[in-house]
Amino acid sequence: MAKWMSVAQVKEKIRESSAEEVTASYLEVIEKSKINGYVAVSEKAVEQAREIDAKGHEGPLAGVPIAIKDNISVVGMQNSCGSKILEGYVPPFNAHVIEKLQEAGAVILGKTNMDEFAMGSSTETSYYGPTANPWDLERVPGGSSGGSAAVVAAGEAPFALGSDTGGSVRCPAAFCGVVGLKPTYGAVSRYGVVAYANSLEQVGPLANNVTDIAVLMDVIGGYDRRDSTSIDRKTAYQEALVDDVKGLKIGVPKEFFGEGIHQDVEKAVWDSIHRYEELGASWEEVSMPNIKYALASYYIIAMSEASSNLARFDGTRYGFRDRGENWHSMVSATRAEGFGTEVKRRILLGTYALSAGYHDKYYLKALKVRTLVKQDFDRALSKVDVLMAPTMPNPAFKKGEKIEDPLTLYLSDVNTCPINLAGVPSISVPCGFTDGLPIGLQIMGKPFDEPTVLRTAYTFEQNTDYHTKRPPEVA
Amino acid sequence: MVYENPDGIRIGLEIHVQLNKLKTKMFCGCSSDYHNSAPNTHTCPVCLGLPGALPVLNRKAVEAAIKVGLALEGEIAEETQFHRKNYFYPDLPKGFQVTQYDYPIVSKGKVVIEGEDGEHVVGITRAHMEEDPGKLVHIGSIEKSKGVLIDYNRSGMPLIETVTEPDMRSPKEARRFLDKFRNILEYLDVFDGNLEGAMRVDANVSVYWGTRVEIKNISSHKGVERALLYEIMRQKNVIRRGGKITQETRHFDEGRGVTLSMRTKEEAEDYRYFREPDLMPMRVSDWVPGIRETLPELPDAKRSRFIEQYGITDMHARSLTSKIMLADFYEGVCAKGADPKTAATWTADVFLGELNYRDLAISSYDGETIGFIHAKDPQVENSFKVSDMVELVKLFSEGKVSDRAAVEVIRSILDGTEEKTPLQIIEEKGLFKAEDDLVTKAVSETIAENAAAVQDYLGGAEKSLNFLVGQVMKKTKGTADAKTARELIIKELKG
């Protein structure tokens, strides 16, 4: 059976054979995996597929397998967030997006690897070991949804769900040569998704093509009353898939092409913009002067929220518990042993930024910068329909290359995190290669204007063949 | 008379009240009716703080908070805004409490109390909404406990924390404030003060207009008064010995009646407040006019109406309106034709006195029956019927029973195990007031049989008269009216 099928092809295969067979074939591929993309493979996947076969393939994703990032709650499966501290924690409830997927008939293949609590851009901070980039097994797949991107790139799932707090869907999508969307804040319910930084993150789909991203968004998008930040608004994602960018106005913010950008990346992105021009779009440079402060603002806000979100992991109720003389020493020991270095670093920094005496200097200032960054996006997007820039300034780096130097690692989020501060939608699509490593083009749009973002991405895909390239090492 | 406040005492209170009349918790759909349930049975992913669960604000809790704000004559915020208060404690499942910080739902209110020198205004600084943590249950006593169990049934219960200005000038005023405050909340039907853990108080107190000390987590009105009395004495003694009061937090040891230092200002915790990103502000300013219309008649207004409508004294009206259920019971008695003034005396003085004597707290009223529970053991329940009070007041007004007999009837109903009407009790016990000639006969006999006492009385010993009245009562088996007996004896002896 062919790897790398689109959802349409998967559905065709299911019609020809059965959901059970299709699921089993993916499980076979996963068995031979060289990338450590899955933290856990579902024991019930085949049984679920069989049930769907018995019911007669109802629902838009009937029998279609999917991989889920290990910070999204699925009843009966450990939700580890890539951390030791959640070892053995099995949620008693499904995330909203999981309910939606199950209603649509999807079959969950397993839970994918990630940076611990989504803190990282390389999937190296996972308690379950690093995931390899299918294009070069010595390199990282990006992060934090590295497992989800890698299994899609390696043909171990037709598509997957990730989460994006500062680029965690788009970064691995770019590094692994797949498509990844960070929806508008509020477009997808966060209910059941373990929070890293609540005000920034969204669940996002990863797939081999733009169409499958839209298919997935039509299933998982929409209002959920259990998430107070979800917005009651209908969007028809698949209807937006039209091969036409005539008259489209593209803004190119020069701030996204800053110091240290790889020249092949810069060239690939400009080539893409010129390709759009040939297809009938126009482009202009736009200025976003506050983008240079975005990274600092992003990290302060994310770490501050994280320091509070992760306080609940104290060994008292669930997950890993260490020993202690009393409750306080038990909590200290549990957190010392249960959290990895990067998570502890961010909790400490976040705690510091919120402390009396520093709160105004760091946290409050970061919020003000966030407002300025938002205004930059508003201003730029009032003149153009979409913004284009490199998703990542560089291609996938080697494992171990940056992990000892957190600041360098943080800097790799420079082009993705401003989007989360602004809450706007952004997609990464494959747009070229350098030394056999994929390059991602980032297309950003107005809040809730996923249709324009998707149409722009779809048109590019229809007129290029980057998305059809497969990593030779896992072929 | 103006109260001088000679010791420069200033008392401010922070009162945590559980909105336990609401059906569901603050941020989830769990039932708030957990008091008689097994531990951890009223929980869900949200109030257990499971990873990924998100809060949804209970609109009814916001409505209740606005109601309270309006009753306290405060200003209501335009929109809701919540913050996280971060600290570690095993009863706190998320490692933070969702509360309000610099934008509370209510600000600048007031409550008028009966102060040291008549009506006294206590300012309300603010009132805000927050969630209750769970409850720790120690196995055995706290000191010797081998372990602690956590019950999250309470976790996520809606609370209102009300902060007063330091306007109270004595422990008595603090207690009066709490009584009034609780009364208002019960009028609003948002709070049942009889439930365990329903109200917790922190008290700030300073003497000689000096440094304030906070006493944390006192669980009863009486406890607040006692803690304050002790703490004022302690502070005055420190100053008398030439010492200084340091700003600190103290704990009240209910058993020993003393306050003990917990932590000083330097050790104060940093809660790292920041906006709760999982809750969007909810615009509530448009709700206010509608809620204002639904406000019930509040204690002060009811008291004035009682005085005017029923012609009763201020003291009786105050007492009757001190509990909404008692006020409703009284009105129920009057509505069924009992004389309002007599009913006021029998309800406010005798009936209420008998309840207090038995440590019974009023806990329900359904239009026909008023129910009580034992203050120390809520399992002990009791009740009294409107119709019984009506019958009793009528019998008394018509002169068919003496006041002593009427008291006896109330006691019998409260202490009895079988359900009996006042008339049945009077008949069974032979409590009907004796006919006048029977009393006259008893008086003649008493005078004849007690020559010595008669002599003493005529010689000026008033006490002997009481003895003679007692003899008459004995002869009539208590059915005589004592006042009548007394008059008859005097008439007989002194003409």
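Tutor: One term before we start: helices here are DSSP runs of H or I with at least four residues, numbered from the N terminus. Also, keep in mind that this is a predicted model.

Student: Okay. Which helix does B:Glu225 lie in?
Tutor: B:Glu225 belongs to helix H3 of chain B, residues 221–240.

Student: And is B:Glu225 buried or exposed?
Tutor: Buried: its relative accessible area is 18%, and the cut-off for buried is under 20%.

Student: What is B:Glu225 in contact with, leaving aside neighbours within four places in sequence?
Tutor: B:Pro171, B:Lys172 and B:Arg175.

Student: Switching to the interface. How many residues of each chain are in contact?
Tutor: 31 from chain B and 37 from chain A. The area buried between the two chains is about 2700 Å², with carbon and sulfur atoms giving 61% of that. On the chain B side, B:Pro51, B:Phe88 and B:Arg272 lose the most area, together 24% of what that side buries.

Student: How many salt bridges does the rule find across it?
Tutor: One. B:Asp278 pairs with A:Arg190, and their closest N and O atoms are 2.9 Å apart.

Student: Now pockets. What's the volume of the second largest pocket?
Tutor: About 670 Å³. Its lining has 25 residues, with A:Ser199, A:Leu367, A:Arg370, B:Arg275 and B:Pro277 nearest the centre.

Student: Where does the largest share of that lining come from?
Tutor: H12 of chain A, which supplies seven residues. Strand S14 of chain B, 274–275, supplies at least two.

Student: And the lining by class?
Tutor: 13 nonpolar, six polar and six charged.

Conventions: Residues are numbered from 1 along each chain as its sequence is written. Chains are lettered from A and ligands numbered from 1 in the order in which they are written. This is a predicted model: local features need pLDDT of at least 70, side-chain atom pairs count only at pLDDT 80 or more; totals for chains, interfaces and linings use all residues. Side-chain values use heavy atoms; hydrogens and water are left out. On a 1 Å grid over the protein atoms alone, a cavity is a set of points where a 1.4 Å probe fits but cannot get out, and a pocket is an open set with protein on both sides within 12 Å along at least five of seven lines; lining residues have an atom within 4 Å of a point. Grid points are joined across faces, edges and corners, and a volume is the space filled by probe spheres set on the points. Ala, Val, Leu, Ile, Met, Phe, Trp, Tyr, Cys and Pro count as nonpolar, Asp, Glu, Lys and Arg as charged, and the others, Gly among them, as polar. Buried means under 20% relative accessible area, exposed over 50%, partly exposed in between (1.4 Å probe, protein chains only). Contact means heavy atoms within 4.5 Å. Buried area is the accessible area (1.4 Å probe) that two parts lose on being put together, summed over both. A salt bridge is a side-chain nitrogen of Lys or Arg within 4 Å of a carboxyl oxygen of Asp or Glu.
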